[in-house]
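Biologist: I'm new to this one. Can you walk me through it?

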Amino acid sequence: MKTISRTALLLSSLILGMSNVSLAQQTVSWGGYLQTRFADDFRSNAGFSIRRAKLWVDGPTPVDSSLYFRVQGLFRYQTSGTFMLQDVYGEYKLPFGFVRGGQFVPDFSLERSQGDAYLPIIERAAVDNTLIPTASTYARDIGAEFVLEPRGSGFHTSFGIYNGNGGNTESNEDRQFLYTNRTTYDLRLSNDISWTNGFSVAYRDKKDLLLPGILGNGKTFSGRDFRWGLETHLKSKKWELQGEYIQADLENQKSYGYYAFGDYDFDGLNEIVLSTEKLEVINPACSSAPWYIVGY
């Protein structure tokens, strides 16, 4: 097991809220949550922090119940107390999927598609936070996406086109876009067990792109950026196994990483999780040693 330089005690809590209001005979919902933390490295630092606070409004529009909207904001301590826009998009629901446009999370990788409040570990894996195409802007970009998932088929595929500059940025100025696809298939092994496997791909050809997680702060990349990933998720009512591998090919330079975890839910209130992860990036200042995590 890797000896980490900072051993810490972390305690987190979630406060959830939800309400509904009627708007022109349509139901609009609002909700949010607060995640607080106490951390102690048992040496020099200890204290409380607000890990994240989210607030959102969503629901069908008065024009058409098939036309859905969502607006979501986020507070994080990294933004020095500011409340930033995360999601703002419209979505038209179809019998076999939906079309979405605005600012949102491009459909790339499994863990990025899972909500913060539903992850068995309080932080996403380093490979997911670093190697998805929109990692440097809180996983958001501006564009459009078509998702095909026929009801009852277990099949899901998406095709997206985005500015490629990330969320909360100005319009595309180089006429080069980010293209993505994620395809998965959910196989029902029994009434209680499902097994989902899939892959993701993304491509863009950009100039002066900031990639701090891969290259380091202040360094830019120009050229062809190709990302791909594989995912698997075996889940029952009590336990689950999940893993991903993601690779970023920046011209002739490769970065990659993976994670795998298993968790068991005893009674809906008590859960244990075991996890391992590894990240190898171009920046030589980043450690490539694997992590091992035990959580309750």
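Biologist: Which ring has the charged end of R100 over it, 4.4 Å from the centre?

Modeller: That is the ring of Y89. Keep in mind that this is a predicted model. The charged end of R100 also sits over the ring of F104, 5.4 Å from the ring centre.

Biologist: And what links Y89 and F104?

Modeller: Ring pairs do. They join Y89, F104 and Y162 into a cluster.

Biologist: How many aromatic pairs does the structure hold?

Modeller: Eight. Take Y33 and W56, one of the pairs. Their ring centres are 6.3 Å apart. Their planes meet at 70 degrees, which is over the 60 degree cut-off, so this pair is edge-to-face.

Biologist: Where do Y33 and W56 lie?

Modeller: Y33 is in strand β2 and W56 is in strand β3. The pair therefore ties together parts 23 residues apart in sequence.

Biologist: Is Y33 buried or exposed? And what about W56?

Modeller: Y33 counts as buried, at 7% relative accessibility. W56 is at 12%, so it counts as buried as well.

Biologist: What about F38 and F48, how are their rings set?

Modeller: They are tilted, with 55 degrees between the planes. Centre to centre, the distance is 4.9 Å. F38 lies in β2 and F48 in β3, so this pair ties together parts 10 residues apart in sequence.

Biologist: How accessible is F38, and how accessible is F48?

Modeller: F38 is partly exposed, at 22% relative accessibility. F48 is exposed, at 73%.

Biologist: What classes of residue are in the lining?

Modeller: It has 13 nonpolar, eight polar and 13 charged residues.

Biologist: Now the backbone. What is the phi of S109?

Modeller: Near 85 degrees, a positive value in a residue other than glycine. Most residues other than glycine have a negative phi. S109 lies in the loop between β6 and α1. With a relative accessible area of 2%, S109 is buried.

Biologist: And what is the phi of D208?

Modeller: Near 55 degrees, again positive. D208 lies in strand β10, residues 194–210. It is partly exposed, with a relative accessible area of 49%.

Biologist: How do β12 and β13 run?

Modeller: Antiparallel, joined by 12 bridges. β12 covers residues 239–250 and β13 covers 253–265. L250 has Q253 in β13 as its bridge partner. The hairpin has two residues between the strands, and E251 takes a positive phi near 55 degrees there.

Biologist: How many bridges pair β13 with β14?

Modeller: There are 10, also in the antiparallel sense. Strand β14 covers residues 271–280. G262 stands opposite L274 in β14.

Biologist: Which residue takes a positive phi in the hairpin of β13 and β14?

Modeller: G268, with phi near 90 degrees. That hairpin has five residues between its strands.

How values were computed. Residues numbered from 1 in each chain as written. Predicted model: local features only at pLDDT ≥ 70, side-chain atom pairs only at ≥ 80, totals over all residues. Heavy atoms only, no water. Nonpolar A, V, L, I, M, F, W, Y, C, P; charged D, E, K, R; others polar. Phe/Tyr/Trp six-rings, centres within 6.5 Å; stacked < 30°, edge-to-face > 60°. Helix = DSSP H or I, 4+ residues; strand = E, 2+ residues; numbered from the N terminus. Buried < 20%, exposed > 50% of the residue type's maximum accessible area, 1.4 Å probe, protein only. Lys NZ or Arg CZ within 6 Å of the ring centre and 35° of its normal. Pairing = 2+ DSSP bridges.
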